[in-house]
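Please read them beside the structure.

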Amino acid sequence: MKSSNPTVLLRPRTTQDKSSTEIPAMIRNSLWLTITFAMLALSPLCRAQSPGVQTTREPTKTTLVTGLPGFKDDSTGSLVVEKGNLQFVQSKNAIEIPVPSIIDVVTGSDTQRVIRGKVGTVSMFGPYGSGRFLSLFRSNLDTLTIQYRDGDGGLHGVIFTMGVGKAELLKQQLIAQGARTTITTESSVRHKMSKPSEATEQNP
Amino acid sequence: MRNLFRAAILACLVSPMCLGGSVSRDQKKASQARPTGIEVEMVQFDEIKLPTEFQVAIYENLIRQLQENGRFENVYRDGDRNATEHPDTIVLHCTVTGFKQGSERARQVTTVAGATSMIVHCRFTDANGRALLERDIQGKVRFFGGNLKATYDFAKKAAGVAREVSIEQSPRTASL
């Protein structure tokens, strides 16, 4: 039995065809090479852009532990660093803290029970120690502690909790916009180091 | 007749003493005035390692408890310029001298382990820096709540102690 596929039969192999396939392959290879070089050349620029200078202003979902006037403890809301202000927005209320008035930003970590709220409280009294067993399941949290001075010079302290890894990003955004910190991070050191070099560049 | 005479003499002797006592008590009351305002300074810690969130939570809870207490008309924060306008404002200095961070997980699982406790030395001074009252106050959380609840426990006790503070004024001021 012969093959019944007509397309295979209509495409005879020639030397001319072989060379014609080699040329696009060369172009393709050279194109890949160019892209690779371009990416390598641009990679230092990508590294130079520190996360502190990121322009993403997505609100971070947070829980206020204590400290903000006009808000109840353990109220949830979102934090945004925008136009030199740290905004905490709840459903109806909102408060703005000017970033230059922030004298200390510190991040930390904590844990909380996975099953919490009313269900969590009820589950604490579960039979045969099941409540205690459920307390073993905990999720990690980041804490963001801020100290700032109001218009009269009075010192305020605020504590927020948020998802893992978000506090450090917020801290870097705040430092980039002029907030101060007592515990320096790698990025803030880099930011500080970049400032004098900019100053020297400006000097004649 | 003799008894009446004796009673009259006794009354003459006793009445000045009673009057004198009440006068001296009034003078004492007048010399001890109640401060109308309190300035809370930021919590300090020397030899121990205290996480910043605890430092801030102590400070904020202390201010809230003093405001809710109602003992003071004005509660000023650290560095508030309005505090200097009132000379009868007292200052509260807090220094954490002992701190043991427990574990909420250990508390919930075992009930007996994982307590968080702290000892804070509280010093109330007048505007001139003269000490009025000094006391060590403990804050702890043993069963329910997060570690920061120990700061609430301390603040509540400290606000209670603040009620005892009174300014001893100079006799000249007291007489006025």
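How many residues of chain B are in contact with chain A?

1. The model is a predicted one. In it, 19 residues of chain B are in contact with 21 residues of chain A. On the side of chain B that touches chain A, α2 and α3 (104-110) each supply at least two residues. The largest share comes from α2(B), with six residues. By type, the residues of this side of chain B are eight nonpolar, four polar and seven charged.

2. Within chain B, helix α2 (residues 52-69) also packs against helix α4 (residues 149-162), with the axes 8 Å apart and at an angle of about 40°. Angles under 35 degrees would count as roughly parallel; α2(B) and α4(B) are therefore oblique to each other. Their crossing is right-handed.

3. On the α2(B) side, the contact is made by B:Phe54, B:Ala57, B:Ile58, B:Asn61, B:Leu62, B:Gln65, B:Leu66 and B:Asn69. Among the residues that α4(B) brings to the contact are B:Tyr152, B:Phe154, B:Lys156 and B:Ala162. The residues of this contact divide into 11 nonpolar, four polar and one charged.

4. The largest nonpolar core has 58 residues. Those with the most contacts inside it are A:Leu174, B:Ile38, B:Ile58 and B:Leu66. The helix that gives the most to this core is α2(B), with eight residues. B:Ile58 and B:Leu66 are also among the residues of α2(B) that make the contact with α4(B).

5. For A:Leu174, leaving aside neighbours within four places in sequence, the contacts are with A:Val81, A:Leu86, A:Val99, A:Ile102, A:Val105 and A:Ala179.

Conventions. Residues numbered from 1 in each chain as written. Chains lettered and ligands numbered in written order. Predicted model: local features only at pLDDT ≥ 70, side-chain atom pairs only at ≥ 80, totals over all residues. Axes fitted to C-alpha atoms, helices over the stretch in contact; angles between N-to-C directions. Helix = DSSP H or I, 4+ residues; strand = E, 2+ residues; numbered from the N terminus. Parallel < 35°, antiparallel > 145°, perpendicular 65-115°, else oblique. Left-handed = near helix turned anticlockwise from the far one by under 90°. Contact = placed C-beta atoms within 7 Å. Nonpolar A, V, L, I, M, F, W, Y, C, P; charged D, E, K, R; others polar. Core = buried A, V, L, I, M, F, W, Y, C linked by C-beta atoms within 7 Å. Buried ≥ 20, exposed ≤ 12 C-beta atoms within 10 Å, placed from the backbone.
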